[in-house]
Amino acid sequence: MIDFQILIITLRLILLIVGLTTLAAILYKAHARRSAALQKRFLTGLQEHFARLANPDMRAAALEWIAGGFAGRWALLAAEEIAELELSSRLDVIRILEERGVIAKALREAGSRHKWTRARAVRLLGELRVPVSVPVVLKALEDRDADVRNVAARALGRMKLQATDEALVALLGKHDQAVSARIAAMCIEIGARTAPLLIAALRDGTPRARFWAARILGEIRETSAVPVLGHALEDPEPDVRSASARALGVIADPGSVPLLETALRDPIWFVRAHAAEALGRIGNPVMAPALVESLADRSWWVRKSALDALIRLGEPARPVLVRALNSDDRFARDCAIEALTVMGVHLSASSRTGTAA
């Protein structure tokens, strides 16, 4: 039997919950709109006062207004906009911020007990690019919280100072994978300016530093690094040899072909695979016979990389692929058939005996 009193109470509770949820959604939407309007108004005022910096009579008042923006909720937004100013105006703003204690406050908050306070302070310092904050941001890379460490890595990349370039490269391989990848991304964003530091790290750094240095040198396509990357193909660490082979393929310098050919015989399968891939990227037909030999490699990945490389070579690889149809190795024969088929070569029923139409 249905208890109508309980049913009515339940329905009222449901309606109350729906009403409260709807009200919360309306209030949130109104708050979001208001916040967006306030942010837009702040940005408009900021841009207006940026324009007044060019007027000597209005410059002092404009600097005061801009500096005042750091006392409110839009400090990070203001810092991002200030970072895009031309140098002399940016330095004037930084001077005012130093006088008002804004920089000192951020430096203190970078050591706060609260992770988001630390993260916000470090991000602010990264946008403002104040040299005195470099040690604080570096220290944040050792923070106990991964979110703060990631913010610190981004902040170093944003600072774009000579000291931060050296600091970033010196930190390669010293942190967990996520932070190391962030540091590497910052080095890639900085570009060729870090190349001498990266080359030195590849020569003399720790195994992890050598690995990341090789990866980054490839990503920025630093041709001056080809000799040291070639030497790194003999590194005792297979990860370094693999990263170096990959980097040489991305750079695609023809002079690295003999070195990569030697790497095709490396005892570690993933080094051989990256060497084969790199030779395919460089596209030197002379390497077709050596790549065909790799079709019989015991590692599937090496065979696949060699197969893709031969397909990239195209028509110049056809004769050696046809000869590979007679190979004693089943994998080599199958790969040769696949490569020739992709290249549009019609294979007759006697293809396995080495004849192709």
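These legends describe close-up views of a predicted model.

**Figure 1. Glu127 and its surroundings.** Glu127 sits in helix 6, which spans residues 115-128. With a relative accessibility of 1%, Glu127 counts as buried, because buried means under 20%. Leaving aside residues up to four places away in sequence, Glu127 touches Ala79, Glu80, Ala83, Arg154 and Arg158.

**Figure 2. A nonpolar patch on the surface.** Six residues are shown: Ile9, Leu13, Leu16, Leu20, Leu23 and Leu27 form this patch. Together they have about 580 Å² of accessible area. Leu27 belongs to helix 1 (residues 4-52). Its relative accessible area is 53%, so Leu27 is classed as exposed.

**Figure 3. Helix 18 and its cover.** Helix 18 runs over residues 300-313 and has 14 residues. From first C-alpha to last, helix 18 reaches 20 Å, close to the 20 Å expected at 1.5 Å a residue. Its buried residues are Val302, Arg303, Ser305, Ala306, Leu307, Ala309, Leu310 and Leu313. Among the elements covering these residues are helix 16 (269-282), helix 17 (288-294), helix 19 (318-324) and helix 20 (330-342).

Figure 4. Side chains of opposite charge can pair when their charged atoms come close. The whole structure contains 17 salt bridges. In one of them, the side chains of Arg246 and Glu219 meet at 3.1 Å, N to O. Arg246 lies in helix 14 (residues 238-251) and Glu219 in helix 12 (residues 207-219), so the pair ties together parts that are 27 residues apart in sequence. Arg246 is partly exposed at 26% relative accessibility, and Glu219 is partly exposed at 31%.

**Figure 5. Salt bridges within a helix.** An α-helix has 3.6 residues a turn, so residues three or four places apart point the same way. Glu277 and Arg281, both in helix 16, are four residues apart, about one turn of the helix. The closest N and O atoms of their salt bridge are 3.9 Å apart. Glu277 is partly exposed, with 30% relative accessibility, and Arg281 is partly exposed, with 37%. In helix 20, Arg330 and Asp334 are also four residues apart. They form a salt bridge whose closest N and O atoms are 3.9 Å apart. Arg330 is partly exposed at 48%, as is Asp334 at 31%.

**Figure 6. Two cysteines.** A disulfide is a covalent bond between the sulfur atoms of two cysteines. The count of disulfides in this model is zero. Cys187 is buried, with a relative accessible area of 0%. Cys335 also counts as buried, at 11% relative accessibility.

Key:
Residues are numbered from 1 along each chain as its sequence is written. This is a predicted model: local features need pLDDT of at least 70, side-chain atom pairs count only at pLDDT 80 or more; totals for chains, interfaces and linings use all residues. Side-chain values use heavy atoms; hydrogens and water are left out. Helices (H or I, at least four residues) and strands (E, at least two) are DSSP runs, numbered from the N terminus. Buried means under 20% relative accessible area, exposed over 50%, partly exposed in between (1.4 Å probe, protein chains only). Contact means heavy atoms within 4.5 Å. Patches are made of residues with over 30% relative accessible area and no salt bridge: like charges are joined within 9 Å, nonpolar side chains (Val, Leu, Ile, Met, Phe, Trp, Tyr) within 5 Å. Accessible areas come from the Shrake-Rupley method with a 1.4 Å probe; for residues, only the protein chains shown count as cover. A salt bridge is a side-chain nitrogen of Lys or Arg within 4 Å of a carboxyl oxygen of Asp or Glu. A disulfide is a pair of cysteine sulfur atoms within 2.5 Å. The expected span of a helix is 1.5 Å times one less than its number of residues.
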